Each structure stands twice: as C-alpha cells, then as structure tokens.
Amino acid sequence: QPDSLKAELEALRFSLNNNSALLNIKLEAWDDAVRAASSALDVRGVKDADRAKAFYRRGFSYIRLKDEEAALRDLTQAKELAPNDSAITRELNAVRTKAAARAAKEKAAYKKFFT
C-alpha cells in the first residue's frame, strides 16, 4: 500500500497548492499565488489538464506582477497542455499583445538614439 498512499498524498499536495493559488488570485496576493502554483507544479504524475490550470494560475499572476517573460512561458506551457481552453488563449493573446506593444515602443525609443 505505501505506493498508493504516496500517490494519494501527492495528489492531495497538488490540489491544496493549486487551490491555494486560486485563493491567492482572488485575494490579489500575486506573489503567494506564484509560490502556491509553483509548489503544485513540483508534484509529479499530475494530469495534463490539472498541470495546465497551475501553469495558467501562475502565468496569470506573473502578468499582474508585470513579469511578461515568465507569464508568456507559463501560459504557452498551459496552452500546450490544454489547447482548447479559452481562458488560457485569452490571457496568452493579451500578454503577447502587451509584449509586442512594449517591443515596438522600445524599438522606437532606440531609433531616436541612432538617427
């Protein structure tokens, strides 16, 4: 039985951390949400759909922390695991648009230096 007990405990650890990430998002405690989602993602043997949720929650929190690079990485991973999830697609497109706008702005700023 030890193996099945270990698996149950790991599943519980994932659930508790993933639910904690959601709760922290509701509280707008972005750093805590990132930490909880990361702890959930440390658990092995979790279904893709559940891992996608944890990546989504961490990515969502990274957007609020203004870390576009980390958000893009997590949301892209979430999208690969759950390609038909509209919430993931929406957040991923939003952060891509934001990143593209920032890149264009930086490019324009640099152009002024070299003209």
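1. Basis of the note. This is a predicted model, in which local features need pLDDT of at least 70 and side-chain atom pairs count only at pLDDT 80 or more, while totals for chains, interfaces and linings use all residues. Residues are numbered from 1 along each chain as its sequence is written, and side-chain values use heavy atoms, with hydrogens and water left out.

2. H1 and H2. Helices here are DSSP runs (H or I, at least four residues), numbered from the N terminus. Helix H1 covers residues 2–26, and helix H2 covers residues 30–41. Their axes come within 8 Å and cross at roughly 160 degrees. Axes are lines fitted to C-alpha atoms, for helices over the stretch in contact, and angles run from 0 to 180 degrees between N-to-C directions. H1 is therefore roughly antiparallel to H2 (angles under 35 degrees count as roughly parallel, over 145 as roughly antiparallel, 65 to 115 as roughly perpendicular and the rest as oblique). A crossing is called left-handed if the near helix is turned anticlockwise from the far one by less than a right angle, and right-handed if clockwise.

3. Residues between H1 and H2. Contact means heavy atoms within 4.5 Å. On the H1 side the residues that meet H2 include Phe 14, Asn 18, Ala 21 and Ile 25. On the H2 side, Trp 30, Ala 33, Ala 36 and Ala 37 are among them.

4. Ala 21 lies in H1 and is buried, with a relative accessible area of 0% (buried means under 20% relative accessible area, exposed over 50%, partly exposed in between, with a 1.4 Å probe and protein chains only). Not counting residues up to four places away in sequence, Ala 21 touches Ala 33, Ala 36, Ala 37 and Arg 57. With the sequence neighbours up to four places away left out, Asn 18 touches Ala 40, Asp 50, Lys 53, Ala 54 and Arg 57.

5. The loop between H1 and H2. Glu 28 lies in this loop. Glu 28 has a positive phi of about 60 degrees although it is not a glycine. Most residues other than glycine have a negative phi. Glu 28 counts as exposed, at 56% relative accessibility.

6. H2 and H3. The axes of H2 and H3 come within 9 Å and cross at roughly 155 degrees, so the two helices are roughly antiparallel to each other. Their crossing is left-handed. Among the H2 residues in this contact are Trp 30, Val 34 and Leu 41, and the H3 residues that they and others meet include Phe 55, Phe 60 and Arg 64.

7. The aromatic residues. A search of the whole structure finds three aromatic pairs. In one of them, the rings of Tyr 56 and Phe 60 have their centres 5.8 Å apart and their planes at 45 degrees, so the pair is tilted. Rings of Phe, Tyr and Trp (its six-membered ring) pair if their centres lie within 6.5 Å; planes under 30 degrees apart count as stacked, over 60 as edge-to-face and the rest as tilted. Tyr 56 and Phe 60 both lie in helix H3 (residues 48–64), four residues apart, about one turn of the helix. Both residues are buried. With Trp 30 they form one aromatic cluster.

8. A charge over a ring. Arg 64 lies over the face of Phe 60, at 3.5 Å from the ring centre. The rule is that NZ of Lys or CZ of Arg is within 6 Å of the ring centre and within 35 degrees of the ring normal.

9. H3 and H4. Helix H4 covers residues 68–81, and the axes of H3 and H4 come within 8 Å and cross at roughly 160 degrees. The two helices are therefore roughly antiparallel, and H3 passes H4 in a left-handed crossing. The contact includes Phe 55, Tyr 56 and Ile 63 of H3, and Ala 71, Leu 75 and Leu 81 of H4.

10. The loop between H3 and H4. Lys 66 lies in this loop and has a positive phi of about 65 degrees although it is not a glycine. At 73% relative accessibility, Lys 66 counts as exposed.
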